[in-house]
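Look at the structure first, then read on.

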Amino acid sequence: MAATLNEQDLAEIDARLADTDALLRTAYPGDDGTRQPVHTLYVPADRFRPGLADALGADAVAAVRSFGGTAALADAVGLGHLAEDLAPLVDAKLRREPVEDLRLDFEDGYGARPDDEEDADAVLAAERVAEAVAAGTAPPFIGIRFKCFEAPTRRRGIRTLDLFLTTLVANGGLPDGLVLTLPKVTTVAQIEAMVALCEAFEERLGLAPGRLRFEVQMETPQLIVAADGTVPVAALLHRAPGRITALHYGTYDYSASLQIAAAYQSMEHPAADYAKQVMQVAVAETGIRLSDGSTNVIPVGDPDHVREAWRLHARLVRRSLERGYYQGWDLHAAQLPTRYLATYAFYREGFASAAARLRNYLHGGDEAIMDEPATARALARFVVRGVECGAITEDELQGAAGSSREALIRLAHPKLALSDKEDR
């Protein structure tokens, strides 16, 4: 067949787009297919001890029991139609793995204390984390939030991080699920400083290059729009290649910075939605995850207040999930039941349809549905998330979708599958 262009023409186009190819390959590698927790539970650092996660789970079970059981709670938060399915799954989760991600807080939840006290707590926290990991009682993800890099707290935060990491390394090494949280970031320069610190720790503690990664708390409007009109959150992600794991929205610091009255500070305020949409666009295809913030309305005390607080929390969790935020903050053990009820309902309500479409995409059969590869990837990601958090069982997945979780991970993350082939 006759063609107009020759090899030289095509080579010139390849050369013209070489920089674009490199950018897409390095800056937008896609998600790495690893598990993302559905929540992060924060506790003051000095409260942590081995077995705390199980104790928090027991507190959550007791709170539900005092209300009449998980099925009754499901009905109270508007999920009564799924109560029969949800109750045993949530009950099992609260006993098996009540906390997916636990953050030991040395920032707002810990406060300003004498240096010798925080020094001692930083060392003790690391020793207790190492003990919990060795005993198998640590959550899958665990780490610390240290004080921010603004001038008044910078050195204190860095010293706490130093003591924590140094002690962990001396007590068996860093756990696989270690997470470090850098709060109240305002400039790209603070991210670059954190990268420099990670490199110094790795060199001096004998860690592999790139071993230390961290999540960034989005709590200041300066990261959404800078003084020069740019969008720093998009830039900072590419100043720390391979280091940033997630962006976490900070409900109350961000709202207060915009002078929103305390009564109206909320995860669902229009200002919050705007910031989170900017974050969502910035991280697209970078492999960096997103987490929504928290509600400070805690389900404790008066029974009527408890009921309303649970309803609010369940609704906010569902709202975040529908907007593509698959993780959020919890501040109290009593929020765990509604975290899992709302999360499990989200995945179970969509599972039958998603599984049927995946089965059709992978194995054929229904010519009335012709999903494109991008849609199939989205379906696979949805189902895999549901399995990983416990909302859907492996048997349900195999029976409905005719596929294993591993196969769906490869479908959901084609860049990961391609990378595996290249490595081989």
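## Rings and core

Phe346, Tyr347 and Phe382 make up one aromatic cluster. The model is predicted: local features need pLDDT of at least 70, side-chain atom pairs count only at pLDDT 80 or more, and totals for chains, interfaces and linings use all residues. Residues are numbered from 1 along each chain as its sequence is written, and side-chain values use heavy atoms, without hydrogens and water.

Rings of Phe, Tyr and Trp (its six-membered ring) pair if their centres lie within 6.5 Å; planes under 30 degrees apart are stacked, over 60 edge-to-face, and the rest tilted. This rule gives nine aromatic pairs. Two of them are tabulated here.

| Pair | Centre distance | Plane angle | Type |
|---|---|---|---|
| Phe146 and Phe149 | 6.3 Å | 40 degrees | tilted |
| Tyr347 and Phe382 | 5.1 Å | 50 degrees | tilted |

The Tyr347 and Phe382 pair links distant parts of the chain, 35 residues apart. Tyr347 lies in helix α13 (residues 336–363), Phe382 in helix α14 (residues 373–389). Helices here are DSSP runs of H or I, at least four residues, numbered from the N terminus.

Buried means under 20% relative accessible area, with a 1.4 Å probe and protein chains only. Tyr347 has 1% relative accessibility, so Tyr347 is buried. Phe382 is buried at 16%. Phe146 and Phe149 are both buried.

Definitions and conventions. Buried means under 20% relative accessible area, exposed over 50%, partly exposed in between (1.4 Å probe, protein chains only). Helices (H or I, at least four residues) and strands (E, at least two) are DSSP runs, numbered from the N terminus.
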